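This briefing is meant for someone meeting the structure for the first time.

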Amino acid sequence: MIHVSRLTKFYGDYPAVQDVSFDVPAGQIVGFLGPNGAGKSTTMRILAGYLTATSGQATIDGLDVLWDSVEVRRRIGYMPESCPLYQEMRVHEYLRFRAGIKGLHGGKRRQRIDFVLKRCWLEDVRRQLIGTLSKGYRQRVGLADALLASPPVLILDEPTAGLDPAQIRATRALIHELGREHTILLSTHILSEVEKTPCDRVIIIHEGRVAASGTLADLQEKASANACLIADFDGSIDEEALGGLPGLTDAASAKIDGGVRLRLHAGDLGSLTPRLCGLAAAQGWKIRQIRPERPTLEDLFVQITGRETA
Amino acid sequence: MRATLSLIHREFSAYFFSPIAYVVIAVFLAVTGYLFALSVLQLTAPGPKGISYPMQLIVNDVAFWLVFLFIPPLLTMRLFAEERSSGTLEMLMTAPLRDWQIVFSKFVACYAFFVLMWLPTLLYLPVLLDWQWGTWRCGIDPWTVGATYLGLALAGAMFLSLGMFVSSLVKSQIVAALVALFLSLLFIVAGIWRPEMDASGTAYQVLFYVTVPLHFERNFSHGVVDTRQLILYSSVAFLCLFLTIRSLESRRWR
């Protein structure tokens, strides 16, 4: 549905997005993840037709975002980052106006407005001035606006930024529901967001480049590729004895309060634990704890984004 | 087309969300009302003191041109600058509208407000033109008034499009208003300052060519419609509309 190839955007000399390529198949929810200033918003703005790319190509539903800009804009519902709205309008007035400029009229317009008001839990505030609404409600007005023309593609830039936990949960549930009918590209800089939002795929972007992409499970697996076993012992141990453990690829020890911590890497962590226990019993080591350490997606994220800045 | 109408409707009603619209209309009507009262006195004054054309006094007055200088920038300053500073321009430019539709709608809404502002002055006309209710005829040639309104309509379009163009360039409404004011001043200043010049010299000819108050004083209020002036107003207006579209478009490229 969304196809991006080698997209590059320079602001003056500063490259905000470099050589970004990805695809979003129809019906998927794709999370766009990256630290602040990574180029998420810029990419989304290019897709929404607000900016033009310096080079590269992007198509939505087979239409080029540059050459068929207006047609593309008809097919997407875009919610910008801070969700700017006309403060002096009432919610239903604003939605009427937006529906009008999106080409909805008459009964169809009324019907869609009622639908999105209900869908985004805005019925209670329909007559309220947008300027007096809380951040959470404004965000929902932005979402309602994006849904108005029932576009096949939704591009949501940080849909949960600035919301309280209950609202975040509600928004997440809404996105999950919307995912059944729309192709969704959403961005966030909060990782737990992506883990909890039912994203089919995650694209991690850093310094304007795609750093990693894949399904959550893929990335999790990639992250846990360097899982290890942590074992704490009382007193001191004879590290030479560790050489007897089959399958051990790497071991590192560090002093902790009144003991030693071992960090063991092995091809098969599952079978390492009983072997280590056996070794400890034979050597008379006093085990405090043995636990596996699996790097989370967050560790991968930090690893990716930290490595390249270093 | 209907999308454009929706946008025009929103832009037009946006004027009434702020107090500026009411203040502008009030000041404008106070000034023109005062000048109307003076005109009535002058038209009926005996001897060489009086004036011979109904709109002559109104469009010759410095106060009128001061008002005319300040009003268009006040009406146009918010058009794009406000949207840029609040970020709503992004919402507008990602809606399925072409750039010219946005510019056209905003201009039409702004012009409609300008027309609305002038509408109450039509009430003065029966008096100024010595309207005879019995015979349904004017006692005074109405075409001098028609020519003045034609001139005002086009000059208004020029000043408004100029202001709109400036508004599309900057982020701050105040800056937009001040720059537009300065640019409008170029077209008005000689009418207020009235330099002593040799009227047959080239310098004066050039000054006359661009000075709007002089056009009204010499031509429109006397019922003379000079195409040079009509072309000046409409070409500046079209140029500014064109530049506004380009300026909006260039935002996308930055």
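In this predicted model, strand β6 (residues 76–79) of chain A gives the most to the lining of the largest cavity, with three residues. That cavity has a volume of about 60 Å³, and the count of cavities of 30 Å³ or more comes to five.

**The largest cavity**

- The lining of the largest cavity draws on both chains, with R73(A), I76(A), G77(A), Y78(A), R98(A) and K102(A) from chain A, and M91(B), T94(B), A95(B) and P96(B) from chain B.
- Sorted by class, the residues around the largest cavity are five nonpolar, two polar and three charged.

**The largest pocket**

- The largest pocket holds about 490 Å³ of space, and of the 23 residues that line it, those closest to its centre are T52(A), V65(A), L66(A), S69(A) and R252(B).
- Two or more lining residues of the largest pocket come from each of β4 (55–60) and α2 (69–75) in chain A, and from each of α7 (99–118) and α13 in chain B.
- Helix α13(B) supplies the largest share of this lining, namely four residues.
- When the lining residues of the largest pocket are divided by class, twelve are nonpolar, five are polar and six are charged.

**The second largest pocket**

- The second largest pocket, with a volume of about 210 Å³, is lined from chain A by M89(A), E93(A), R96(A), F97(A) and R109(A), and from chain B by L5(B), S6(B), H9(B), R10(B), S13(B) and F17(B).
- Helix α3 (91–101) of chain A and helix α1 (2–15) of chain B each supply at least two residues of the lining of the second largest pocket, and the largest share, five residues, comes from α1(B).
- The lining of the second largest pocket divides into four nonpolar, three polar and four charged residues.

**Packing between α3(A) and α1(B)**

- The two helices named for the second largest pocket, α3(A) and α1(B), also pack against each other, at an angle of about 145° and with their axes 7 Å apart.
- Their contact is made by F97(A), G100(A) and I101(A) on the side of α3(A), and by A3(B), S6(B), L7(B) and R10(B) on the side of α1(B).
- The residues of this contact comprise four nonpolar, two polar and one charged.
- Among the contact residues, F97(A), S6(B) and R10(B) are also found in the lining of the second largest pocket.

**Packing between α11(B) and α13(B)**

- Within chain B, the axes of helix α11 (residues 202–210) and helix α13 (residues 227–253) come within 9 Å of each other and cross at roughly 60°.
- An angle under 35 degrees would count as roughly parallel, and one of 65 to 115 as roughly perpendicular, and α11(B) and α13(B) are therefore oblique to each other.
- The residues that meet are F208(B), Y209(B) and V210(B) in α11(B), and R228(B), Q229(B) and L232(B) in α13(B).
- By class, the contact of α11(B) with α13(B) has four nonpolar residues, one polar residue and one charged residue.

**Domains of chain A**

- Chain A is divided into domain 1, which covers residues 2–222, and domain 2, which covers residues 228–293.
- The centres of domain 1 and domain 2 of chain A, taken over C-alpha atoms, are separated by 48 Å.

Key:
Residues numbered from 1 in each chain as written. Chains lettered and ligands numbered in written order. Predicted model: local features only at pLDDT ≥ 70, side-chain atom pairs only at ≥ 80, totals over all residues. Heavy atoms only, no water. Axes fitted to C-alpha atoms, helices over the stretch in contact; angles between N-to-C directions. Parallel < 35°, antiparallel > 145°, perpendicular 65-115°, else oblique. Contact = heavy atoms within 4.5 Å. Nonpolar A, V, L, I, M, F, W, Y, C, P; charged D, E, K, R; others polar. 1 Å grid on protein atoms, 1.4 Å probe; cavity = no way out; pocket = protein on both sides within 12 Å on 5 of 7 lines; lining within 4 Å. Points joined across faces, edges and corners; volume = space filled by probe spheres on them. Domains from an automatic or database assignment.
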